[in-house]
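Biologist: I would like to go through the labels on this model and hear what each one rests on. Please set each value against its cut-off.

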Amino acid sequence: MNRLFGSSTPKPPKATLNSAISNIDTRISSIDVKLASLNAELSSYQSKLSNMRDGPGKTAIKQKALKVLQRRKMYEAQRDQLQSQVWNMEQAQTMQDNLKNTMVTVDALKQTNKALKKEYGKVDIDKIERLQDEMADLLDVGNEIQESLARSYDVPEDVDEGELDAELEALGQEVDFEAEMGAGTAVPSFMQEEVPNFIDEAPVEGGKVKEAAG
């Protein structure tokens with residue numbers, strides 16, 4: 001059946017920034033291993049050259065060291081290129097993440113705006129204004145009731161300051177007069193006991209009373 005009609009080959013998954021960055025990081029790690037090996041080889045050549053005299057042997061080792069140095073520069077250039085690619089992809093990934101976050105924020109704002117419109121649509125501004133007017137009228141009525149309940153009876157309200165000063169001056173004179181009249185008594189007149197009506201004579205001193213009794 002597969003030979004007659006053929007079989008559909010599965011499509012490879014689309015590459016993502018994360019997978020691309022991971023692949024390049026793996027290549028960079030591989031290059032770092034090679035560079036470490038080349039550096040170790042160069043170090044051994046440098047150690048040998050420092051103990052050798054000039055001659056064909058030293059020249060041959062120098063040629064080997066130059067080839068190793070060329071290979072190291074090539075790998076370093078590759079690593080720099082790959083690191084630049086990783087940097088660019090990381091920047092793109094950051095922009096993509098920021099865009100996703102922005103879209104989520106915009107969608108949330110749209111949903112909130114829709115909900116607010118729905119809720120505010122239930123509010124009748126005219127009804128609220130009428131309610132405020134009714135409340136103001138009720139407050140006025142309450143104030144009138146309080147003023148009516150606080151009204152005093154049989155109390156003249158048309159008393160001016162001149163009349164008040166005259167009354168206060170008269171009260172002061174009356175107090176001074178009572179003080180002069182009661183100056184000879186140690187006890188105020190309203191606190192003194194009244195003399196009974198059946199006593200004709202004033203009480204005599206203590207000595208005379210004793211003589212009369214004897």
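Biologist: Where do arginine 72 and glutamate 76 lie, and how many residues apart are they?

Modeller: Both are in helix H3, four residues apart, about one turn of the helix. Helices here are DSSP runs (H or I, at least four residues; strands are E, at least two), numbered from the N terminus. This is a predicted model, where local features need pLDDT of at least 70 and side-chain atom pairs count only at pLDDT 80 or more, while totals for chains, interfaces and linings use all residues. Residues are numbered from 1 along each chain as its sequence is written, and side-chain values use heavy atoms, with hydrogens and water left out.

Biologist: Why is the contact between arginine 72 and glutamate 76 called a salt bridge?

Modeller: A salt bridge requires a side-chain nitrogen of Lys or Arg within 4 Å of a carboxyl oxygen of Asp or Glu. Arginine 72 and glutamate 76 have an N to O distance of 3.6 Å, so the pair meets the rule. Side chains of opposite charge can pair when their charged atoms come close.

Biologist: How many salt bridges does this rule give?

Modeller: Four. One of them joins arginine 79 and aspartate 32 at 3.2 Å, N to O. That pair links distant parts of the chain, 47 residues apart: arginine 79 is in helix H3 and aspartate 32 in helix H2 (residues 17–50). Another is formed by glutamate 119 and lysine 122, with the closest N and O atoms 3.7 Å apart.

Biologist: What makes lysine 122 exposed, and why is glutamate 119 called partly exposed?

Modeller: Buried means under 20% relative accessible area, exposed over 50%, and partly exposed in between (1.4 Å probe, protein chains only). Lysine 122 has 60%, so it is exposed. Glutamate 119 has 44%, and therefore counts as partly exposed.

Biologist: Which residues form the nonpolar patch on the surface?

Modeller: Leu116, Tyr120, Val123, Ile125 and Ile128, with about 490 Å² of accessible area together. Areas come from the Shrake-Rupley method with a 1.4 Å probe, and for residues only the protein chains shown count as cover. Helix H3 (56–120) and helix H4 (125–149) each supply at least two of the patch residues.

Key. Patch = residues over 30% accessible without salt bridge, like charges linked within 9 Å, V, L, I, M, F, W, Y side chains within 5 Å.
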